[in-house]
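Please describe this structure for a reader who is meeting it for the first time.

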Amino acid sequence: MTPAIKGIEAPEAAIRRFAELVRSGAVDEPAGEPRLGIDLGTANIVVSVVDAANRPVAGDWAHSTVVRDGVVVDWAGATSAVRRLTHAVESRLGHRFASASVSVPPGISDGDTRVFRNVAGAAGLDVDEVVDEPVAAARALGISDGCVIDIGHGTTGVSVLSGGRTVLSVDEATGGHHMSLVLAGAYRIEYEAAEAMKKDPARRDDVVGVIRPTLEKMASIAADALAGIEVDLVYLVGGSSSFPNAPDVFAGRLGRPVVRPAEPLFVTPLGIPMRVVGDD
Ligand SMILES: Nc1ncnc2c1ncn2[C@@H]1O[C@H](COP(=O)(O)OP(=O)(O)OP(=O)(O)O)[C@@H](O)[C@H]1O
Ligand SMILES: [Mg+2]
């Protein structure tokens, strides 16, 4: 087990618990009114439920092909997946949700933001809040300032936060998808086999060397985005930061300390329904 990271032990424990709830389908007893969050990603749709104390109490996920380049490309698929996942957590909790918070990639247009909202609406949910993905990640990490780098399936997002808001955001098209393409080419295997190989801990030694240039490319996107900007600590999140060497590759390129919590794929989804003191 990776040791807890100094300074974010409590958030890390909550992130780990949320990952367990999603994988097992278990629920924890909510204290007060539960809140629902929806993350429509390029590879995964994740729904998250936290209670009034921001503790994770339930979650579910599904593989997704409904978003590409930060845009919803499969409206019907997105809507039915959100409806199905919401029903799953509702029946486990014995609670019906009238509304949810939804995350959006940073820096997308108002029109594209509206589409993310409308997916929730079409799934029968009012929208409580539209949350920038890095803002959601910061909430789950218990921080309001610093840099969040999110390496998902489609893109590398680099965001600087101040006072809980995004003040700079760069999103470029290099993500886990590109790692899988490189692996498929190197081993002359189908894309889906490469995707599975990439996530298989037993194949780590065959994978890390091959995907390292892609990880370096992501780190150089982050270095360019952060050139001349003062940030002390960098948080690395998103499924593609799961590789053991990811924090070191980024720290080397950025010349700054890099923190990656356990279960980095679940950080942003968990933060979506969270409320911070001073909100409302
Ligand atoms: N254990 C793992 N090791 C390596 N890669 C992983 C692991 N688990 C997930 N991934 C990769 O992480 C990516 C999915 O991460 P995530 O759910 O954060 O992306 P997303 O939110 O769907 O995409 P985006 O943010 O680009 O829209 C996929 O490329 C997946 O293969
Ligand atoms: Mg994502």
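In this predicted model, a polar side-chain atom of histidine 153 lies 2.5 Å from an oxygen atom of ligand 1. Histidine 153 is one of 19 residues that surround the ligand, and it is listed among the closest together with Thr42, Ala43, Glu195 and Lys198.

| Residue | Atom of the residue | Distance to an oxygen atom of ligand 1 |
|---|---|---|
| Histidine 153 | polar side-chain atom | 2.5 Å |
| Alanine 43 | backbone N or O atom | 2.7 Å |
| Asparagine 44 | side-chain N or O atom | 2.9 Å |

Strand S2 covers residues 44-50, and S2 belongs to an open sheet of five strands, which are ordered S3-S2-S1-S6-S7 and show mixed pairing. Strand S3 (56-63) and strand S7 (126-132) each have a single partner strand and stand at the edges, so one side of each is left without a neighbour in the sheet. From one strand to the next, the twist averages 20 degrees.

Both senses of pairing can be followed in particular strand pairs. S2 and S3 are paired in the antiparallel sense over seven bridges, and within this pairing valine 49 has alanine 58 of S3 as its bridge partner. The hairpin formed by S2 and S3 has five residues between the strands, and asparagine 54 takes a positive phi near 70 degrees there. Strand S6 (residues 99-104), by contrast, pairs with S7 in the parallel sense over six bridges, and the bridge partner of serine 101 in S7 is glutamate 129.

Helix H1 (residues 9-24) lies across S2 and S3 and runs at about 55 degrees to S3. Although S3 is an edge strand with a single partner, six of its eight residues are buried, so S3 is largely enclosed by the rest of the structure.

How confident is the prediction for the protein chain, as given by its average pLDDT? The average is 93, and 96% of the residues score at least 70. Within the chain, confidence is lowest in strand S5 (residues 71-72), with a mean of 86, and highest in helix H9 (residues 267-271), at 98.

Definitions and conventions:
Residues numbered from 1 in each chain as written. Chains lettered and ligands numbered in written order. Predicted model: local features only at pLDDT ≥ 70, side-chain atom pairs only at ≥ 80, totals over all residues. Heavy atoms only, no water. Pairing = 2+ DSSP bridges. Helix = DSSP H or I, 4+ residues; strand = E, 2+ residues; numbered from the N terminus. Axes fitted to C-alpha atoms, helices over the stretch in contact; angles between N-to-C directions. Contact = heavy atoms within 4.5 Å. pLDDT = per-residue confidence, 0-100. Buried < 20%, exposed > 50% of the residue type's maximum accessible area, 1.4 Å probe, protein only. Near = heavy atom within 4 Å. Polar contact = N/O pair within 3.5 Å; in protein donor to acceptor, adjacent residues only side chain to side chain.
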